[in-house]
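Visitor: Hi, could you walk me through this one? I'd like to talk about the sheet, the charged pairs and a few loops.

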Amino acid sequence: QVQLVESGGGLVQPGGSLTLSCATSGFTFSSSPMYWYRQAPGKEREWVATINSIGNSKMHADSVKGRFTISRDNAKNTVYLQMNMLKPEDTAMYYCKVPRFPSWGQGTQVTVSS
C-alpha cells in the first residue's frame, strides 16, 4: 500500500523560503521517479517538478524554475522541494506523487502572504 506523507508547509512572507518533505512507504522508492504537484483553490492541479530515481536528472515547471529545487534522499525514502523567493501565486496545497500509482497523500498547505 503506497503511503505519501507531505509536511513542511506553512505561512511565509513573499520572498521567503520553505522546504517541503514527502515521506514515502509501500513501494521501492529508490527505483521510482517522483513528482511534486500543487493545486490552488478553483484551479487545476498542476505539475511542479520531477526527479529521476537516483536524483541526477530534474525538471521544474517554468513558473518555479530558478526558485524551486526538487531533491531526494533514497536512504530516507523521502523527496523534498526547496522553495525560495516565494510569491503569492505559489499559494497552494502541495502534493508528492509516485507516477506509477494513483494514490495521493493529504498534501501540505503553503500560503505566501504579507
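Guide: Here is a short tour, starting with how the values were made.

Guide: This is a predicted model, where local features need pLDDT of at least 70, side-chain atom pairs count only at pLDDT 80 or more, and totals for chains, interfaces and linings use all residues. Residues are numbered from 1 along each chain as its sequence is written, and side-chain values use heavy atoms, with hydrogens and water left out.

Visitor: OK, sheet first. What is the strand order in the open sheet?

Guide: The order is E2-E10-E9-E4-E5-E6, six strands with mixed pairing. Strands here (E, at least two residues) are DSSP runs numbered from the N terminus, and two of them pair if DSSP finds at least two bridges between them.

Visitor: And which are the edge strands?

Guide: Strand E2 (10-12) and strand E6 (58-60), each of which pairs on one side only. From one strand to the next, the twist averages 25°; axes for that are lines fitted to C-alpha atoms, and angles run from 0 to 180 degrees between N-to-C directions.

Visitor: How many bridges do E4 and E5 have?

Guide: Five, in the antiparallel sense. Met34 has Ile51 in E5 as its bridge partner. The hairpin of E4 and E5 has six residues between the strands, and Gly42 there takes a positive phi near 80°.

Visitor: What about E5 and E6, parallel or antiparallel?

Guide: Antiparallel, with three bridges between strand E5 (residues 46-51) and E6. Ile51 stands opposite Lys58 in E6, and Ala49 has His60 as its bridge partner in E6. E5 and E6 also form a hairpin with six residues between them, where Gly55 in the turn has a positive phi of about 85°.

Visitor: Switching to charges. How many salt bridges does a search of the whole structure find?

Guide: Four. To count, a side-chain nitrogen of Lys or Arg must lie within 4 Å of a carboxyl oxygen of Asp or Glu.

Visitor: Which residues are linked in a network?

Guide: Arg38, Glu46, Arg67 and Asp90 are linked by salt bridges. Arg38 meets Glu46 at 2.5 Å, N to O, and Asp90 meets Arg38 at 2.9 Å, N to O.

Visitor: Why does the Asp90 and Arg38 pair tie together parts that are 52 residues apart in sequence?

Guide: Because Asp90 lies in the loop between strand E8 (78-83) and strand E9 (92-97), while Arg38 is in strand E4 (residues 34-39).

Visitor: Are those two buried or exposed?

Guide: Both Asp90 and Arg38 are buried. Buried means under 20% relative accessible area, exposed over 50%, and partly exposed in between (1.4 Å probe, protein chains only). Arg38 has 5%, whereas Glu46 counts as partly exposed at 34%.

Visitor: And Asp62 and Lys65, buried or exposed?

Guide: Both are exposed. Their side chains meet in a salt bridge at 3.1 Å, N to O.

Visitor: On to loops. Where is Pro99?

Guide: Pro99 is in the loop between E9 and strand E10 (108-112). Pro99 is partly exposed, with a relative accessible area of 32%.

Visitor: What does Pro99 touch?

Guide: Ser32, Pro33, Met34 and Tyr35, not counting residues up to four places away in sequence; contact means heavy atoms within 4.5 Å. Pro99 and Met34 are 65 residues apart in sequence and 6.7 Å apart in space, C-alpha to C-alpha.

Visitor: Tell me about Ser32 then. Buried or exposed?

Guide: Ser32 is buried at 3% relative accessible area. Ser32 sits in the loop between strand E3 (18-25) and E4. Leaving aside neighbours within four places in sequence, Ser32 is in contact with Phe27, Ser53, Arg72, Val98 and Pro99.

Visitor: Last one: which strand is Asp73 in?

Guide: Asp73 is in strand E7 (residues 68-73), and is partly exposed, with a relative accessible area of 25%. Asp73 touches Phe29, Thr78 and Tyr80, again not counting residues up to four places away in sequence. Asp73 and Asn52 are 21 residues apart in sequence and 12 Å apart in space, C-alpha to C-alpha.

Terms used. Helices (H or I, at least four residues) and strands (E, at least two) are DSSP runs, numbered from the N terminus.
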